[in-house]
Amino acid sequence: MPTPDTFFGGSASAIPGATARKEYQAFTFDHVYNDDASQDDLFECTRPLIEKFLNGFNATVLAYGQTGSGKTFTMGSAETSSAMTLPSTDSSLRAKLGIIPRAARYIFETLNRNRRLSDDPTANLYMTYAVKISFLELYNEDLLPEWNGSFAAKNAVQRKKPKSTGSHGEKGIMIRDAKDGSIYVAGLEEKACTTVDDVLKYLNKGSTLRRTSSTVMNEQSSRSHAILTLHLYQQKHYVPLTVDVTHMPEARHIVRTVTSLSKFHFVDLAGSERLKRTNATGDRQKEGISINGGLLALGKVISALADRDMAAPNHEKEEVHIPYRNSKLTRILKDSLGGNSQTLMIACVSPAHDDLFETLSTLRYAARARQIKNNVKSN
């Protein structure tokens, strides 16, 4: 099967033979990549979001597309940390690394490089930071923490299907609204990371436990949506130029301290699929219906936000109902869609003629998402 193309939602793309009445349909995106694009090319498009994240802003990278279109490969949510620690001569293995491993390395390298680089010419800087990671799986509308307590260990061995959890998740996991209007998942365990290897260790652990299965269209189809989140807490301590900053300065020397807390969602959505093409039955059919239901709810949120933002003059957003509560997926991504986050959607499509219907659907989906205007502010 040809390597899928990837679209970011300006370059224009045209789909030949898109409809019987119209030979071409045009879509406008910020970037368009063909099958000769490298993983490094894709990572470069996420770099501005990483810089924002490092400066105290929330960010989201979200991969969307039909099953088998290359979302997990693009995100790098099925990679092993071994490739990141290989010698530089093993370039072929490193070249396959996706966005998450590359972003993790870039984040830690930048934090360590900049911890004493002051942005104030009249003062020295000593920065402290803490990075934490969480991994959440949304399977059949159930919230599954991939390493909370004994639950993950039990599922790693027995691979049991979770019981229905209603509005809650396993072991009290629940989506909550914070006082400032942001969304968080109460009860979800966050692991401290001091190096890029820590991030990759937990990424591997979560990816191993993530539910996958074989369908007619994809030998290793993800049967759940996966959200890996990095949480960054920073404190910048400014001191007079005469004070040494090779170590933490004494409190009496600190002139001012700037604190920020930001989060970065890496979202690998399960692929949309038509049951007629996957020939799914039993549990696979139930999973497919749940996947499509979550993506449909996401599409309705995107359409409602796009309609509101396109109609509102001078960025004065009207009070319209956005159906975030129709799905747990849309509730979790409320900040990313129309909220306080800088968001990039990656639309993965197949060039195969048999996939034309799904390709057009994905491009329309992403084109609508591009019309949303988020309210981004520093935390």
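Q: What makes two strands a pair?
A: Two strands pair if DSSP finds at least two bridges between them. In this predicted model, S6 and S7 pair in the antiparallel sense over four bridges. The two strands form a hairpin with two residues between them, and Asn 140 in the turn has a positive phi of about 50°.

Q: Which residue is the bridge partner of Glu 137 in S7?
A: The bridge partner of Glu 137 there is Leu 144.

Q: What makes both faces of strand S7 count as covered?
A: Buried means under 20% relative accessible area. In strand S7 (residues 142–145), Asp 142 and Leu 144 on one side are buried, as are Leu 143 and Pro 145 on the other.

Q: What makes S8 and S9 a pair?
A: The cut-off is at least two bridges. Strand S8 (residues 174–177) and S9 have four, in the antiparallel sense. Asp 177 stands opposite Ile 183 in S9. S8 and S9 form a hairpin with five residues between them, and Gly 181 in the turn has a positive phi of about 95°.

Q: Why is the pair of Phe 53 and Phe 264 called edge-to-face?
A: Planes over 60 degrees apart count as edge-to-face, and ring centres must lie within 6.5 Å for a pair. The centres of Phe 53 and Phe 264 are 5.5 Å apart and their planes stand at 75°, so the pair is edge-to-face. Because Phe 53 lies in helix H1 (residues 39–54) and Phe 264 in strand S14 (residues 256–268), the pair ties together parts that are 211 residues apart in sequence.

Q: Why is the pair of Phe 264 and Phe 266 called stacked?
A: Stacked applies to planes under 30 degrees apart. The rings of Phe 264 and Phe 266 have planes at 0° and centres 4.3 Å apart, so the pair is stacked. Phe 53, Phe 264 and Phe 266 form one aromatic cluster, and the structure holds five aromatic pairs.

Q: How do you know whether Phe 264 is buried or exposed?
A: The limit for buried is under 20% relative accessible area. Phe 264 has 1% relative accessibility and therefore counts as buried. Phe 266, with a relative accessible area of 1%, is buried, and Phe 53 is buried too.

Q: What makes the charged end of Arg 256 sit over the ring of Tyr 238?
A: The distance part of the criterion asks for CZ of Arg within 6 Å of the ring centre. The charged end of Arg 256 sits over the ring of Tyr 238, 4.0 Å from its centre. In the case of Lys 52, the charged end sits over the ring of Phe 57, 4.6 Å from its centre.

Q: How do you know that the span of helix H4 agrees with its number of residues?
A: The expected span is 1.5 Å times one less than the number of residues. For the 16 residues of helix H4 (residues 99–114) this gives 22 Å, and because the end C-alpha atoms are 22 Å apart, the two agree. Among the buried residues of H4 are Ile 99, Tyr 106, Phe 108 and Leu 111.

Q: Which residues have the most contacts inside the largest nonpolar core?
A: They are Leu 269, Leu 298, Ile 302, Leu 333 and Leu 337, in a core of 40 residues. The largest share of this core, eight residues, comes from H8.

Notes:
Residues numbered from 1 in each chain as written. Predicted model: local features only at pLDDT ≥ 70, side-chain atom pairs only at ≥ 80, totals over all residues. Heavy atoms only, no water. Phe/Tyr/Trp six-rings, centres within 6.5 Å; stacked < 30°, edge-to-face > 60°. Buried < 20%, exposed > 50% of the residue type's maximum accessible area, 1.4 Å probe, protein only. Lys NZ or Arg CZ within 6 Å of the ring centre and 35° of its normal. Core = buried A, V, L, I, M, F, W, Y, C linked by side-chain atoms within 4.5 Å.
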